[in-house]
Amino acid sequence: MMKSAVIITILLLSSFVASAEKVYTVDCNGGGDFRTIQACFDALPSKPAEWRTVRIMPGVYREKVTLDVYKDKVRILGDEMAETRIVWGDYAGKVVDGRELTTYDSYTMSVQADDVYLDCLTVENDAGRVGQAVALETRGDRIHLYHCALIGDQDTFFARSYVSRVHVENCYIEGTTDFIFGPSIVLFECSTIHCKADSFITAASTTERNEYGFVFSCCRVTAAEGVTRVYLGRPWKSTARTVWLECEFSAAIRPEGWRDWHDAARKGDVYYAEWRCEGPGADRSGRVAWSRELTDAEADVYDNRCIFAKKTGSEQFRDDWDGVAE
């Protein structure tokens with residue numbers, strides 16, 4: 001009897017906490033608090049003490065969206081990945097209001113705040129194959145994407161900040177050239193990476209300060225029909241770090257695996273590695289000599305606690321993080 005009472009009390013407290021949290025509803029059909037995502041983001045209080053939830057109802061939201069640096073601690077929840085879509089079409093070289101855009105402002109969605117959780121959304125740049133055209137860029141720290149799709153061509157996902165930790169889990173990312181790029185620490189876990197052209201998947205620009213760069217764990221690399229010459233990565237910066245762990249590679253992956261971006265000097269500084277990958281593209285017998293196969297002991301340091309930990313004596317990150325921003 002006492003045990004039942006305790007359980008009921010816990011459930012009531014949980015219900016109270018959930019009901020007390022502020023929920024903002026966005027519905028492009030007019031059934032919510034806001035018709036546009038940007039209007040909702042603009043209305044969020046800055047630097048809140050508690051988490052808020054933004055619920056985005058099914059629909060196509062054709063808008064360029066920014067969650068600015070002061071709007072942290074927010075859950076952004078779609079209905080279903082394929083049903084809740086944020087779409088825009090900017091690209092580098094496009095002229096907007098008399099100014100030519102660059103890669104850095106070509107995004108469809110920019111997440112600049114800390115502590116953000118995105119769930120069941122598609123973020124898409126539909127500019128087409130016109131050059132650099134970012135779908136999602138992340139600048140804040142402790143960002144968690146779950147069951148989201150990032151759709152584009154060149155430069156789909158820009159992990160932009162060197163003091164940003166991002167966890168991409170059970171997601172789908174597609175693109176053509178360098179479609180996952182930037183200096184952030186990013187763990188891609190149990191996700192599908194789809195290559196739409198003969199080109200490069202990653203272009204990390206990891207800084208000397210970061211022990212980790214892009215880490216792919218238990219991911220699946222697929223390719224469109226006719227795509228046969230894909231590289232796992234090339235270094236945007238000479239200290240780039242990209243590691244693939246227990247991933248499945250399609251036959252589209254080139255035997256050499258990696259490229260040096262036509263700069264032989266970068267071969268000495270990059271850290272490109274694989275561990276226990278499978279599939280027709282995982283054969284390492286033809287890999288470039290400056291990539292490596294991790295030992296089991298070396299692979300052990302690629303868990304969430306190590307990847308996202310605050311480094312001793314470093315001001316780079318305020319605290320440890322377990323990869324879940326919620």
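With a relative accessibility of 45%, Arg99 counts as partly exposed, a class lying between buried (under 20% relative accessible area) and exposed (over 50%), as computed with a 1.4 Å probe on protein chains only. The model is predicted, so that local features need pLDDT of at least 70 and side-chain atom pairs count only at pLDDT 80 or more, whereas totals for chains, interfaces and linings use all residues. Residues are numbered from 1 along each chain as its sequence is written, and side-chain values use heavy atoms, with hydrogens and water left out.

Arg99 belongs to strand 8 (residues 99-100); strands are DSSP runs of E of at least two residues, numbered from the N terminus. When neighbours within four places in sequence are set aside, Arg99 is in contact with Lys94 and Asp105, contact being defined as heavy atoms within 4.5 Å.

An open sheet is formed by seven strands in the order 4-9-12-15-18-21-24, with parallel pairing; two strands pair if DSSP finds at least two bridges between them. From one strand to the next, the twist averages 15°, with axes taken as lines fitted to C-alpha atoms and angles running from 0 to 180 degrees between N-to-C directions. Within this sheet, strand 9 (residues 109-111) and strand 12 (residues 136-138) run parallel and are joined by three bridges. Met109 stands opposite Leu136 of strand 12.

Asp153 is located in the loop between strand 14 (149-151) and strand 15 (157-159). Its relative accessible area is 9%, and Asp153 is therefore buried. The side chain of Asp153 makes a polar contact of 3.4 Å with that of Arg129 and another of 3.3 Å with that of Lys196. A polar contact is a pair of N or O atoms within 3.5 Å; within protein, one must be able to donate a hydrogen and the other to accept it, and residues adjacent in sequence count only if both atoms are side-chain atoms. Beyond four places in sequence, the residues in contact with Asp153 are Gly128, Arg129, Gly175, Thr176, Thr177, Phe179 and Lys196.

Aromatic rings of Phe, Tyr and Trp (its six-membered ring) pair if their centres lie within 6.5 Å, planes under 30 degrees apart being stacked, over 60 edge-to-face and the rest tilted. The count by this rule is 14 aromatic pairs. The ring centres of Trp258 and Tyr272 are 4.1 Å apart and their planes stand at 15°, so this pair is stacked. Trp258 lies in the loop between strand 26 (248-249) and strand 27 (271-275), and Tyr272 in strand 27, so the pair ties together parts 14 residues apart in sequence. Trp258 is buried at 1% relative accessibility, and Tyr272 is buried with a relative accessible area of 0%. Tyr272 also pairs with Trp290, the centres being 6.1 Å apart and the planes at 40°, so this pair is tilted. The latter pair links distant parts of the chain, 18 residues apart, with Trp290 in the loop between strand 27 and strand 28 (292-293). Trp290 is buried, with a relative accessible area of 18%. Elsewhere, ring pairs link Phe157, Phe188, Phe214, Phe216, Trp244 and Phe249 into a cluster.

Two charged side chains are placed over tyrosine rings. The charged end of Lys64 sits over Tyr107, 4.2 Å from the ring centre, and that of Arg259 over Tyr231, 5.2 Å from the ring centre. The criterion requires NZ of Lys or CZ of Arg within 6 Å of the ring centre and within 35 degrees of the ring normal.

Definitions and conventions:
Helix = DSSP H or I, 4+ residues; strand = E, 2+ residues; numbered from the N terminus.
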